[in-house]
Amino acid sequence: MSSKVLLVLVDGMRTDSIGQCGNPEFLEFFKSGTYSFKAQTVFPPVTLPCHISLFHSVAPNRHGITTNTFVPQIRPIKGLIELLSEHKKTSAMVYTWEQLRDICTPGGHLEYCWFERQHHGAGLYDLEHRAAAEAKRMILEKSPDFLFLYLGGTDIWGHDFGWMSPEYLAGVENAWSCIQEIYRDLPEDYSMIITADHGGHDRNHGENIPEDMTIPVMFRGKEFAKGLEIDGLNICDLAPTIAELLGVEPDEEWEGKSILQMTEQGNI
């Protein structure tokens, strides 16, 4: 396979928020791909540990990052960006939370990168749309093999007002409008993955409970069945899936499995 891949992560997006955000098109879009509303993240369900697990395909008890403070790995594991760099694949990243700079560790290379610091308040809506516009520009003008777009406003609204509050749900709808902006002009050679790093409850997250540990995942592209709901998916399965889409063998230390192989074998 040699598709290009767009990965969109909506920080703190609970599965039930997709159907309750006020725009039924988001739920319809999600269910029109290969999708799961029962995928699991890693413990602790905290932003940086979850992202490191997504990009390195191992749990925090292996990579050693259990808080939002990055620490160098004692036994380093090659991440997705590093693996793609080795195989001459181009990568891009658009993000608004500074700690995510550590997703790309020594040995990896981002051909294109855009960062603007997020903040609290109504300006978050505009920031997310600027980020989406930049991701769209990179795709249309630069055509990277892999682009990661991080939308973090939902997590802020969850902490400020509570998960599933009207303000939080409005943030989920805003993320959907950003996704729409990109998808309507997404070139046919791109597969699209939408997911979250964790959920949340009350005004926090980090506990081993379904509200925090369950995340939505959706895949769209020529390699994925339409309207197929799957079970048994973990956030650690995303990096191997992206690698396979890009025609790259996953690192031997990765613990996740490509869902393309799992669906072919009937194991998901």
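Glu116 is partly exposed, its relative accessible area being 25%, where partly exposed covers the range between buried (under 20% relative accessible area) and exposed (over 50%), computed with a 1.4 Å probe on protein chains only. This is a predicted model, in which local features need pLDDT of at least 70 and side-chain atom pairs count only at pLDDT 80 or more, while totals for chains, interfaces and linings use all residues. Residues are numbered from 1 along each chain as its sequence is written, and side-chain values use heavy atoms, with hydrogens and water left out.

Glu116 forms a salt bridge with Arg130, with 2.5 Å between the closest N and O atoms; a salt bridge here is a side-chain nitrogen of Lys or Arg within 4 Å of a carboxyl oxygen of Asp or Glu. Because Arg130 lies in helix H6 and Glu116 in the loop between S4 and H6, the pair ties together parts that are 14 residues apart in sequence. Helices (H or I, at least four residues) and strands (E, at least two) are DSSP runs numbered from the N terminus.

## Other salt bridges

The structure holds 11 salt bridges. One of them joins Arg117 to Glu98 at 2.7 Å, N to O; Arg117 counts as exposed at 52% relative accessibility, whereas Glu98 is partly exposed at 31%.

Helix H10 (residues 238-245) is mostly covered, with 8 of its 8 residues buried, and is followed by Gly247, whose phi is positive, near 75 degrees. His87, in the loop between helix H5 and strand S3, lies 7.2 Å from Val248, C-alpha to C-alpha, although the two are 161 residues apart in sequence.
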